Amino acid sequence: MKAIGDYTIIQIEVNTSSTGLQVKDDGQGKVVSCPSHPELMGKMVLFDDKNKYKEYENYLIIPYKNLMAVIN
């Protein structure tokens, strides 16, 4: 999957707690596509999780302007 224009595709991790609940790491994920800033590919980023984004499987499609920081 590839992002178009100023969008970024973020892979989010779903962790299973000790009680069996599946929990998403809100506000962070790994960049899998960002055509406007290819240097972010494979990096962990923080994004504004207060907005609603299009979700496809374990991916979020986020406007680049909603990224806040690169973790690594």
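This section describes the fold, strand pairing, core and selected residues of a predicted protein model.

The model is predicted, so that local features require pLDDT of at least 70 and side-chain atom pairs count only at pLDDT 80 or more, whereas totals for chains, interfaces and linings use all residues. Residues are numbered from 1 along each chain as its sequence is written, and side-chain values use heavy atoms, with hydrogens and water left out.

The protein contains zero helices and eight strands, and its elements run β-β-β-β-β-β-β-β from the N terminus. Helices (H or I, at least four residues) and strands (E, at least two) are DSSP runs, numbered from the N terminus. Along the principal axes, the C-alpha atoms fill a box of roughly 40 × 25 × 20 Å. The accessible surface comes to about 4900 Å², of which 51% belongs to carbon and sulfur atoms; areas come from the Shrake-Rupley method with a 1.4 Å probe, and for residues only the protein chains shown count as cover. Of the 72 residues, 28% count as buried, where buried means under 20% relative accessible area, exposed over 50%, and partly exposed in between (1.4 Å probe, protein chains only). Among contacts (heavy atoms within 4.5 Å) between residues at least 6 apart in sequence, 48% join residues at least 24 apart.

Six strands form an open sheet with antiparallel pairing, in the order E6-E7-E1-E4-E5-E8. The edge strands are E6 and E8 (67-70), each of which pairs on one side only. Neighbouring strands of this sheet are turned by 40 degrees against each other on average, direction ignored; axes are lines fitted to C-alpha atoms, for helices over the stretch in contact, and angles run from 0 to 180 degrees between N-to-C directions. Two strands pair if DSSP finds at least two bridges between them.

Within the sheet, E1 and E7 pair in the antiparallel sense over five bridges, with Ile10 opposite Leu60 in E7. Strand E1 (residues 7-11) is also joined to strand E4 (residues 28-33) by three bridges, again antiparallel. In E4, Val31 is the bridge partner of Ile10, and Ser33 stands opposite Ile9. E4 in turn pairs with strand E5 (residues 44-47) in the antiparallel sense over three bridges, Val45 in E5 being the bridge partner of Gly29. E5 and E8 are likewise antiparallel and pair over three bridges; here Val45 stands opposite Val70 in E8.

The largest nonpolar core has eleven residues, namely Ile10, Ile12, Val31, Cys34, Leu40, Val45, Phe47, Tyr53, Leu60, Ile62 and Leu67. E5 and E7 are the elements that give two or more residues to this core. A nonpolar core is a set of buried Ala, Val, Leu, Ile, Met, Phe, Trp, Tyr and Cys residues joined through side-chain atoms within 4.5 Å. Leaving aside neighbours within four places in sequence, Val31 is in contact with Thr8, Ile9, Ile10, Leu40, Met41, Gly42, Lys43 and Val45.

Thr8 is found in strand E1 and counts as buried because its relative accessibility is 0%. With neighbours within four places in sequence left aside, the contacts of Thr8 are Ala3, Val31, Ser33, Cys34, Leu60, Ile61, Ile62, Tyr64 and Leu67. Ile4, in the segment before E1, counts as exposed because its relative accessibility is 70%. The C-alpha atoms of Ile4 and Pro35 are separated by 6.8 Å, although these residues are 31 residues apart along the chain.

Glu57 lies in the loop between strand E6 (54-56) and strand E7 (59-63). The phi angle of Glu57 is near 50 degrees, a positive value in a residue other than glycine. Most residues other than glycine have a negative phi. Glu57 is exposed, with a relative accessible area of 58%.
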